Amino acid sequence: MNWKKHLVHALLLPALVVYVWFQVYPIFSAFWNSFYSWNGLQRGTFIGLENFIRLFTESPFQEMFYRGFGHNVIFFIVTVISKLMVAFILALLITSKIRGKEFFKTVIFLPKLLSVIVVGFLFSLILNPTYGALNTFLSFIGLEEWARPWLGSPDTALYTIILVNSWYGLGFAVLIFLAGLQAIPSEIYDAAKVDGASGLTMLFRITLPLAMPAVMVMTILTFIGAFEAFELIFAMQGSQGGPYYSTDVLATYFYRLAFGSVDGGESIGLGSALAVVLFLMISSATAILLFFFKRKEYEQ
């Protein structure tokens, strides 16, 4: 009978091999490659931390890194406001006594079913300054002065992409918040009403503290998503993060380093170093956020 127990574990091996090959091995490979010089696709000599030092001190790598990092931080902050706050309000409305809850949930979640590349292509058409639907609509309702090249101006391109990304991920955030809100026992609200608590008091004293696990999950996922942002920017502005690098983030910078459009195709070591830095940044910040939210839970 023992061999049957081991057979069950053996069935997990294919999935484990795929996970190690596509998830674990690339991480260790990036660490290893970051300590070597590269000549095209050939690994050169061991150079220790030189790639990391060049990344942070040598021009133009230094400027590109800090510019991309700044855009990632903006991406996270604006996404928290434009997606998480909006999603939480929508989840509150859906859990209230309104008609057509299932319809609204379906409509809000529909964009998530589309491919990111398709979303990027569609919004590139909608935001086209010449024949795009948005500028045409603004002109139709008499707001011509609001029409502008949304993706062509360095002042608006990054924020436009962040708003598109927020629209795309709004449905998933609403579902997570709904799960957190619906897990709060209704008896708590009934007892608060008996004690004379107002709507705002119940929101800040009951709803928000008890929905904190859902807020924690979405904040961490939003942070990770902001620092992994690539597909939508690539689809709408290309790997250069145009115009004039105004939408360039660390992931698009990594793409240019690793695939040779920076430093004449000899930057695989630099790209690996950037990947390692990104990995350490995301993992350490995620650990800090987890610690912060867990501490808030214990204090409550």
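Let's start with the hairpin. Strand 1 (residues 36-39) and strand 2 run antiparallel, joined by three bridges. Strands here are DSSP E runs of at least two residues, helices are H or I runs of at least four, and both are numbered from the N terminus. Two strands pair if DSSP finds at least two bridges between them.

A word on the source. This is a predicted model: local features need pLDDT of at least 70, side-chain atom pairs count only at pLDDT 80 or more, and totals for chains, interfaces and linings use all residues. Residues are numbered from 1 along each chain as its sequence is written, and side-chain values use heavy atoms, without hydrogens or water.

Back to the hairpin. W38 stands opposite R43 in strand 2. Two residues sit between the strands, and G40 takes a positive phi near 65°. Is strand 2 buried or in the open? Zero of its five residues (42-46) are buried, so strand 2 lies largely in the open. Buried means under 20% relative accessible area, exposed over 50%, partly exposed in between (1.4 Å probe, protein chains only).

Now the inside. The largest nonpolar core has 67 residues. Such a core joins buried Ala, Val, Leu, Ile, Met, Phe, Trp, Tyr and Cys residues through side-chain atoms within 4.5 Å. Among those with the most contacts inside it are L55, F75 and Y253. Beyond its neighbours within four places in sequence, F75 is in contact (heavy atoms within 4.5 Å) with residues including L158, A226 and I233.

Last, L114. It lies in the loop between helix 5 (101-109) and helix 6. L114 is partly exposed, at 34% relative accessible area.
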